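Please consult the sequence and the model alongside the text.

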Amino acid sequence: MTPIQMVDLKGQYQKIKNQIDSSIQEVLNAAAFINGPEVKNFQKELEEYLNVKHVIPCANGTDALQIAMMGLGLQQGDEVITVDFTFAATVEVIALLKLTPVLVDVEADTFNMDIEALKKAITPKTKAIVPVHLFGQCANMEAVLEVAKEHNLYVIEDTAQAIGADYTFADKTTKKAGTIGNVGTTSFFPSKNLGCYGDGGAIFTNDDALAHTLRGIVNHGMYKRYYHDVIGVNSRLDSIQATVLRAKLPHLDAYCDARRKAAQYYNNAFATSDKIITPITSNYTTHVFHQYTLRLIGVDRDALHKHLLDSGIPNAIYYPVPLHSQKAYADDRYKEDDFKVTNALVTSVISLPMHTELDEEQLQFITNTILNFVNK
Ligand SMILES: *Cc1c(COP(=O)(O)O)cnc(C)c1O
């Protein structure tokens with residue numbers, strides 16, 4: 001059996017090596033490393049794929065969130081609601097901009113924002129909601145949009161884990177994750193579903209005026225060289241990353257299918273166990289399985305984690321600590337009772353190897369090892 005990887009970037013590269021190598025060589029030959037034509041080409045191709053008017057490439061997914069919040073003109077003291085159960089980048093940039101992060105609990109079965117918790121958290125100072133499409137499926141966007149409309153709030157979708165997922169509205173129309181709210185952000189970190197070979201990110205919007213502001217912010221607030229109209233940052237996607245992303249974008253849907261196929265294998269294998277809850281996909285979204293995350297009942301999660309590592313099966317705990325319990329984001333306003341679901345998830349979740357290159361022999365070994373452990 002080929003050794004199992006949590007994410008198999010080498011195996012994926014081998015299949016498109018010729019194209020990637022020659023496109024990188026072309027960038028080297030052209031020596032247009034920043035804001036070269038490859039970045040523009042990628043931007044256009046991603047706009048088409050997402051069916052969105054504007055893609056603004058930037059340096060990483062964390063910057064994308066920060067720049068989106070700057071572009072919306074959020075001010076010190078404005079409250080921004082996001083989830084307790086996510087990667088810290090989301091709350092980090094809120095705090096960094098001196099906005100006030102307000103964390104809310106998630107739903108146990110989707111791991112995404114709990115809409116009742118969202119409603120409860122709204123105050124006159126609330127200005128924006130940041131739903132995170134965690135692990136690869138969309139949050140309940142129709143409900144989020146309804147709350148946002150009622151209270152006149154911006155919606156910033158953190159799509160770092162769900163690029164390519166489709167959201168279906170009650171009227172059966174569909175939109176790509178990240179193109180539903182006022183603005184969406186994503187990351188092209190190598191292990192994300194559409195990953196480059198370094199850092200990269202992008203912001204999406206259908207709002208022309210916002211897109212113009214964002215394009216200035218990513219480049220020092222300049223529209224004309226050395227004329228700074230707004231306070232900006234330096235956050236650019238480079239041409240080598242753009243050319244890698246151009247080579248991979250046409251494969252994104254097939255990559256999502258490969259992940260779904262692996263997820264289906266896991267689901268079928270674990271269906272026999274009442275100690276394992278497999279991830280559900282809500283009826284309003286497709287799932288692109290950035291992570292395949294189980295919930296365990298009556299199983300020593302940390303012992304399983306170690307047993308799998310000892311058996312050559314990489315696995316990870318996303319996430320081991322709720323954000324409200326992190327030193328950096330502690331706040332007297334938080335009550336443990338408000339985070340019952342997240343507090344339970346951090347001790348019961350485990351994420352399994354999930355990527356485009358998993359084969360049946362590996363999947364069989366992983367599922368058998370887990371079933372033998374939980375049934376012993
Ligand atoms: C990866 C990730 C980010 C940050 O992306 P970077 O490119 O690493 O800065 C933000 N939010 C979520 C949910 C992520 O998973």
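## Basis and conventions

A residue counts as buried under 20% relative accessible area, as exposed over 50%, and as partly exposed in between, with a 1.4 Å probe and protein chains only. By this scale, Lys306 and Asp310 are both exposed.

The model is predicted: local features need pLDDT of at least 70, side-chain atom pairs count only at pLDDT 80 or more, and totals for chains, interfaces and linings use all residues. Residues are numbered from 1 along each chain as its sequence is written, and side-chain values use heavy atoms, with hydrogens and water left out. Helices (H or I, at least four residues) and strands (E, at least two) are DSSP runs numbered from the N terminus.

## Salt bridges

Side chains of opposite charge can pair when their charged atoms come close. With a salt bridge defined as a side-chain nitrogen of Lys or Arg within 4 Å of a carboxyl oxygen of Asp or Glu, the structure holds 14 salt bridges. One of them lies within helix α10 (residues 301–310), where Lys306 and Asp310 are four residues apart, about one turn of the helix. Their side chains meet at 3.1 Å, N to O.

Other pairs connect separate helices. Arg246 forms a salt bridge with Glu45, with the closest N and O atoms 2.6 Å apart. This pair links distant parts of the chain, since Arg246 belongs to helix α8 (residues 239–248) and Glu45 to helix α2 (residues 37–50), 201 residues apart. Arg246 counts as partly exposed because its relative accessibility is 25%, and Glu45 is likewise partly exposed at 29%. Glu47 forms a salt bridge with Arg215, the closest N and O atoms being 4.0 Å apart. Glu47 lies in helix α2 and Arg215 in helix α7 (residues 208–217), so this pair ties together parts that are 168 residues apart in sequence. Glu47 counts as buried because its relative accessibility is 14%, whereas Arg215, at 29%, is partly exposed.

## Two buried residues

Leu308 lies in helix α10 and is buried, with a relative accessible area of 0%. Contact means heavy atoms within 4.5 Å. Leaving aside residues up to four places away in sequence, Leu308 touches Ile313, Asn315, Ile350, Leu352, Thr369 and Ile370. The C-alpha atoms of Leu308 and Phe373 are separated by 9.2 Å, while the two residues are 65 residues apart along the chain.

Ser282 is found in the loop between β12 (276–277) and β13 (292–296). Its relative accessibility is 10%, so Ser282 counts as buried. Beyond residues up to four places away in sequence, Ser282 touches Thr110 and Gln137.

## Ligand surroundings

A residue is near a molecule if one of its heavy atoms lies within 4 Å of it. Of the 13 residues around the ligand, Gly61, Thr62, Asp158, Ser187 and Lys192 come nearest. By class, this shell has four nonpolar, seven polar and two charged residues; Ala, Val, Leu, Ile, Met, Phe, Trp, Tyr, Cys and Pro count as nonpolar, Asp, Glu, Lys and Arg as charged, and the others, Gly among them, as polar.

A polar side-chain atom of Thr62 lies 2.5 Å from an oxygen atom of the ligand, and a polar side-chain atom of Asn60 lies 3.5 Å from a ligand oxygen atom. In Asp158, an N or O atom of the side chain is 2.7 Å from a nitrogen atom of the ligand. Taken alone the ligand exposes 380 Å², of which the protein buries 91% (Shrake-Rupley method, 1.4 Å probe). The elements that give two or more residues to the shell are α3 (61–71) and α4 (89–96).

Definitions and conventions. Polar contact = N/O pair within 3.5 Å; in protein donor to acceptor, adjacent residues only side chain to side chain.
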